[in-house]
Amino acid sequence: MSRPAAHAHISPTDRTLNVSSPNAARIHHYLLGGRNHFASDRAAAENLLKVAPWMRDAVVDSRRFLERAVSYTVAELGISQFVDMGCGLPAQDNVHQIAQEADPAARVVYVDNNPLVGVHARATLDRNDARVSVVEHDVRDVDGLLADETLRSLISWTDPIVVCLTAVLDFVDKPAAIIDTLWKKLPQDSVVIFASLCSDGLNPSEIAQMRRVYTKADAGLYIRSGKAIRTLFDGRWDWQSPGLGPVRTWRPISDVQSQAIKAGFLGGVTSPLRRPI
Ligand SMILES: C[S@@+](CC[C@H](N)C(=O)[O-])C[C@H]1O[C@@H](n2cnc3c(N)ncnc32)[C@H](O)[C@@H]1O
C-alpha cells in the first residue's frame, strides 16, 4: 500500500546542518530515493556508487527487509513495541507506520545519534501521537539508552520488545558489546531485527575505497565478513526461519527479490537463547 511521503524538507538554515560536508544519514537517504540531501551528500553517494554500483540495490533491499520483518514481528510474533536504533532520516515507510498497520496500538521509539535525524523525525511525526517518540542517543552506550526515561515511558520492560538494528552496526567499531547487552537485558521473547553490510565478494581495494567515502562524511565504515557477523550472535541467539542470510531472500514477497547482487546486507530476526540468572 502506498502512503503519503513522510518527508519534511530540510531547510538549509537549520542550525543542525552542515551542508558543505556529506553526512552518512543523508547519503543513505539519497540512495533510498529520499529528498533530504545536499550537493555534498549526492557527490559522496555517487562516488560510492562508482566503487560499489550494487550499493543502491543493497540499501533498498535492506530497507525492504526491515519493512517485511516489522510486519512479521507484529503479525506473526504478536510483538507491538519497537526500539529502532540508528533509525536514519524518515523514509517513505517508517517502522511505526508499518507496525501500526498491523496493530494500531504499536509503539515505537526512534533512536539516532545524529541531531539532524532527531529534528526530522520530530518534524515528520504527529506530535499528538503518544505511541511514538524520538531519542537522541549513541547506540554504543546501549546501557544508557535502555535506561533513558523517554524510552522507558513508552516501552514496557515486562513485555517482549523488537529492537531494529539495521544498517547501523556498519558504523560501530565494536558491535559485540551492544549485542551482548541486548542479550542480557531484553525481556523474554524479545527479538532483534538485524541487518549489516557484508564484505563477502568484495576485494580489499573496494572496501578501502568505500571506507574513504564515509571517512569524508565523518563516519567510520566497518564492513564485516559473513563469518564475523555470524560470530557476533553465535551460541546465544536463535535465528528465526529462514535464519541469517542475504536480506533479499528473507521471506521475500516475490521471486524477483531473490535475484543475486554482487554484495549486500546479511540479515535476519533473532532472539536471545539463554536468559541471565
Ligand atoms: C545507514 S543509516 C540506516 C537507517 C535505518 N536503520 C535503515 O535501516 O534504513 C545509519 C543511521 O545510523 C545512525 N548511526 C550511526 N552510528 C550511530 C551510533 N553510534 N548511534 C546511533 N546512531 C548511529 C546514523 O546517524 C544513520 O542515521
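Two strands pair here if DSSP finds at least two bridges between them; strands (E, at least two residues) and helices (H or I, at least four) are DSSP runs, numbered from the N terminus. You're looking at a predicted model, where local features need pLDDT of at least 70, side-chain atom pairs count only at pLDDT 80 or more, and totals for chains, interfaces and linings use all residues. Residues are numbered from 1 along each chain as its sequence is written.

Start with strand 1, residues 81–85. Strand 1 pairs with strand 4 (residues 162–166) in the parallel sense over 3 bridges, with F82 opposite V162. To get from strand 1 to strand 2, trace helix 4 (residues 95–102); the β-α-β crossover is right-handed (clockwise from the first strand over the helix to the second, with the strands pointing away from the viewer).

Show side chains on strand 1. Q81, V83 and M85 point one way, F82 and D84 the other, and all are buried (20 or more other C-beta atoms within 10 Å of their own, C-beta atoms being placed from the backbone).

Next, click V163. Beyond its neighbours within four places in sequence, V163 is in contact with V83, M85, L182, L186 and V192 (C-beta atoms within 7 Å).

Last stop: the ligand. Which of the 21 residues around it come nearest? Select A25, G86, G88, N113 and T166 (a residue counts as near if its C-beta atom, placed from the backbone, lies within 6 Å). Helix 1 (24–31) and helix 3 (55–75) each give two or more residues to this shell.

Methods
Two residues are in contact if their C-beta atoms, placed from the backbone, lie within 7 Å. A residue is buried if 20 or more other C-beta atoms lie within 10 Å of its own, exposed if 12 or fewer, and partly exposed in between; C-beta atoms are placed from the backbone.
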